[in-house]
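Please open the model in a viewer and keep a selection tool at hand.

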Amino acid sequence: MLFTVGRNGSGKSNFFWAIRFVLSDAYATLTREERLSLLHEAQATISAYVQIDFDNSDNRFPNGKESVSLRRSIGLKKDEYSLDKKTITKTELGNFLEAAGFSKSNPYYIVPQGRITALTNAKDAERLVVLKDVAGTKVYETRRIESLKIMEETSNLIPN
């Protein structure tokens, strides 16, 4: 578990947004203007990247190495992802992160500033929803409801 603390203006939010940029779908689709703003509007800058190096001594990531390097590069027109300096697709990155426990269905592996306060002030029912998200049960509940709907539709097709 990683916590980032510091005084106001010390760059905590920039650090947080850089991690989200690589690990989440928060910046999945960017317009040209958004890409330019991420490139600091510098005329000479045509690309930038964020790289995260993980200690993998616990083998959380399924690559058999002591460390893992994930990188996302952004240009004016496209993004590029890499795993240990090898270019991969966004889908491959997502699958790799899922295998390590970073599930898209559980967005709480990155907790934004202010979210903890909101959780402490939330009503019990709202906290229960969050706990189901964190535990991953919401995905199964959604699939269960979809399966029940399919079963009902199928049973309606069978004559009595």
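Before the first selection, note that contact means heavy atoms within 4.5 Å. Axes are lines fitted to C-alpha atoms, for helices over the stretch in contact, and angles run from 0 to 180 degrees between N-to-C directions. Helices (H or I, at least four residues) and strands (E, at least two) are DSSP runs, numbered from the N terminus. The model is predicted: local features need pLDDT of at least 70 and side-chain atom pairs count only at pLDDT 80 or more, while totals for chains, interfaces and linings use all residues. Residues are numbered from 1 along each chain as its sequence is written, and side-chain values use heavy atoms, with hydrogens and water left out.

**Stop 1: the sheet**

Select strands E1, E2, E3 and E4. These four strands form an open sheet in the order E1-E2-E3-E4, with antiparallel pairing. Two strands count as paired if DSSP finds at least two bridges between them. At the edges lie E1 (47-55) and E4, each of which pairs on one side only. On average, neighbouring strands of this sheet are turned by 25° against each other, direction ignored.

Next, step through the pairs. E1 and E2 are joined in the antiparallel sense over nine bridges; select Val50 to find Arg72 of E2 opposite. E2 and E3 run antiparallel and are joined by five bridges, and a hairpin of three residues connects E2 to E3. Between E3 and E4, also antiparallel, there are three bridges.

Leu83 stands opposite Lys86 in E4. The hairpin of E3 and E4 has two residues between the strands, and Asp84 in this turn has a positive phi of about 50°.

How many of the five residues of E3 are buried? Four are, so E3 is largely enclosed by the rest of the structure. Here, buried means under 20% relative accessible area, exposed over 50%, and partly exposed in between (1.4 Å probe, protein chains only).

**Stop 2: the helices on the sheet**

Select helix H3 (residues 90-99) together with the sheet. H3 lies across E2, E3 and E4 and runs at about 150° to E2. Colour Leu93, Gly94, Phe96 and Leu97, which are buried. Seen down the axis of H3, these buried residues fall within an arc of 165°, so they line one face of the helix; the arc is that of the directions from the helix axis to the C-beta atoms. Thr91, Asn95 and Ala99, on the other side of H3, are exposed. The cover over the buried residues includes helix H1 (12-23) and strands E2 (67-75), E3 (79-83) and E4 (86-88). After H3 comes Gly101, with a positive phi near 100°.

**Stop 3: the nonpolar core**

Select Leu23, Phe54, Phe61, Val68, Leu70 and Leu97. These residues have the most contacts inside the largest nonpolar core, which has 19 residues. Such a core is a set of buried Ala, Val, Leu, Ile, Met, Phe, Trp, Tyr and Cys residues joined through side-chain atoms within 4.5 Å. H1, E1, E2, E3 and H3 each supply at least two residues of this core, and the largest share, four residues, comes from H1.

**Stop 4: the salt bridges**

The structure holds four salt bridges, a salt bridge being a side-chain nitrogen of Lys or Arg within 4 Å of a carboxyl oxygen of Asp or Glu. Three of them can be visited in turn.

- Select Asp84 and Lys65, whose side chains meet in a salt bridge (3.8 Å, N to O). Asp84 lies in the loop between E3 and E4 and Lys65 in the loop between E1 and E2, so the pair ties together parts that are 19 residues apart in sequence. Asp84 is partly exposed at 24% relative accessible area, as is Lys65 at 42%.
- Select Arg127 and Asp124, which form a salt bridge (2.8 Å, N to O). Both lie in helix H5 (residues 124-135), three residues apart, about one turn of the helix. Arg127 is partly exposed at 31%, whereas Asp124 is exposed at 60%.
- Select Glu141 and Arg144, whose closest N and O atoms are 3.2 Å apart in a salt bridge. Both belong to helix H6 (residues 137-157).
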